[in-house]
Amino acid sequence: MLIDGVFSGGGLKNFALVGAYQVMEEKGYRFQRVAGTSAGAILACFIAAGYTGKEMEEMLGDLDFKTLLDTRKSIVPLPFMKWIFLYWHMGLYQGNALENWFMEKLAAKGVYSFGDLPDGTLKLVASDLTNGKIIVFPDDLASYGLSADSFPIARALRMSCGIPFFFEPVTLKVKNGETIVVDGGVLSNFPLWLFDDKDGNRERPVLGLKISRGHHESKGNKINNGLNLFEALFSTMQNAHDERYISRKHEKDIIFIPVDDVNTTDFDLSKERREALIERGRSRTEQFLKSWTPPIHGRSFQTSNR
């Protein structure tokens, strides 16, 4: 059965989404269009490029994530220099190694730019801090004076994954100057609205994969100090817009995968914990699909029609 998919951000937690995708494949679901933010955008790109869930598991399982953390070189090799770089370059790591890895893996499937994919099949979300608005790639590129057909997907993916202060923001050179772009999760960490038309209708069923608990399971933020306050602030900033949309409708079409024991930037994640996250995504998805009836235009297909 053909469906569309939207995937949330979550950093290293998103190993769970790979497990979820594997189950979707096994059950006969195929994604016609995919969209995502941050780590969810990575899954969307790999699906659009033609990777299977098993290939993704092997590719990510063999990766030493610390090789993607490229600090700037300094002639003064002192520990405090990284904080100087943070001030001047607005990030601890450059993000070039991350972008190059994206480019390498997409190129292995013959995918380089948005022009290499069928029109409308892939959408990625990033945050334009200069103009204070969401960017949807490739849809919004024309408004910046850029060609969607020739724009590198790896570049857009790097912007969607640019965790503020962790990776340096991308300076996008546009027709009216420069635009600073960071992680899409700042403005929309779970863009389930992307496949709605102007009347709120959808061309086919849309399934969301979200790294979080459902509303009935959610835990509040515990705030006892300044660090707790920052974490709660960033979490609220990421999710407030999307949660309001979800609370109105579509919650029944979202697989919520709770991951409370892994940090977004846990680049030391062990092989065992990676496998455990994949298994968590698999089990949650298998449970969800037992009762999911995909909706279409306000009606529903029976699951036997797959």
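User: Which residues does Asp183 touch, not counting residues up to four places away in sequence?
Analyst: Asp183 touches Thr37, Ser38, Ala126, Ser127, Met159, Ser160, Cys161, Gly162, Ile163 and Pro164. Contact means heavy atoms within 4.5 Å. This is a predicted model, in which local features need pLDDT of at least 70 and side-chain atom pairs count only at pLDDT 80 or more, while totals for chains, interfaces and linings use all residues. Residues are numbered from 1 along each chain as its sequence is written, and side-chain values use heavy atoms, with hydrogens and water left out.

User: Is Asp183 buried or exposed?
Analyst: Asp183 is buried, and its relative accessible area is 3%. Buried means under 20% relative accessible area, exposed over 50%, and partly exposed in between (1.4 Å probe, protein chains only).

User: In which strand is Asp183, and how many residues apart in sequence are Asp183 and Ser127?
Analyst: Asp183 lies in strand S8 (residues 177-183). Helices (H or I, at least four residues) and strands (E, at least two) are DSSP runs, numbered from the N terminus. Asp183 and Ser127 are 56 residues apart in sequence, with a C-alpha to C-alpha separation of 5.9 Å.

User: Turning to helices, at what angle do the axes of H2 and H6 cross?
Analyst: The axes of H2 (residues 39-49) and H6 (residues 153-160) cross at roughly 160° and come within 8 Å. That makes H2 roughly antiparallel to H6. Axes are lines fitted to C-alpha atoms, for helices over the stretch in contact, and angles run from 0 to 180 degrees between N-to-C directions. Angles under 35 degrees count as roughly parallel, over 145 as roughly antiparallel, 65 to 115 as roughly perpendicular and the rest as oblique.

User: And which residues meet there, in H2 and H6?
Analyst: From H2, Ala41, Ile42 and Cys45 meet Ile153, Leu157 and Ser160 of H6. The residues of this contact of H2 with H6 comprise five nonpolar, one polar and no charged. Here Ala, Val, Leu, Ile, Met, Phe, Trp, Tyr, Cys and Pro count as nonpolar, Asp, Glu, Lys and Arg as charged, and the others, Gly among them, as polar.

User: What is the mean pLDDT of the protein?
Analyst: The mean pLDDT is 84, and 79% of the residues reach 70 or more. Over residues 298-306 the pLDDT is below 50, and this stretch has 16 contacts in the model beyond near neighbours in sequence. The pLDDT is the predictor's confidence in each residue, from 0 to 100.

User: How many helices and strands has the protein?
Analyst: The protein has eight helices and 12 strands. Of its 306 residues, 52% count as buried.
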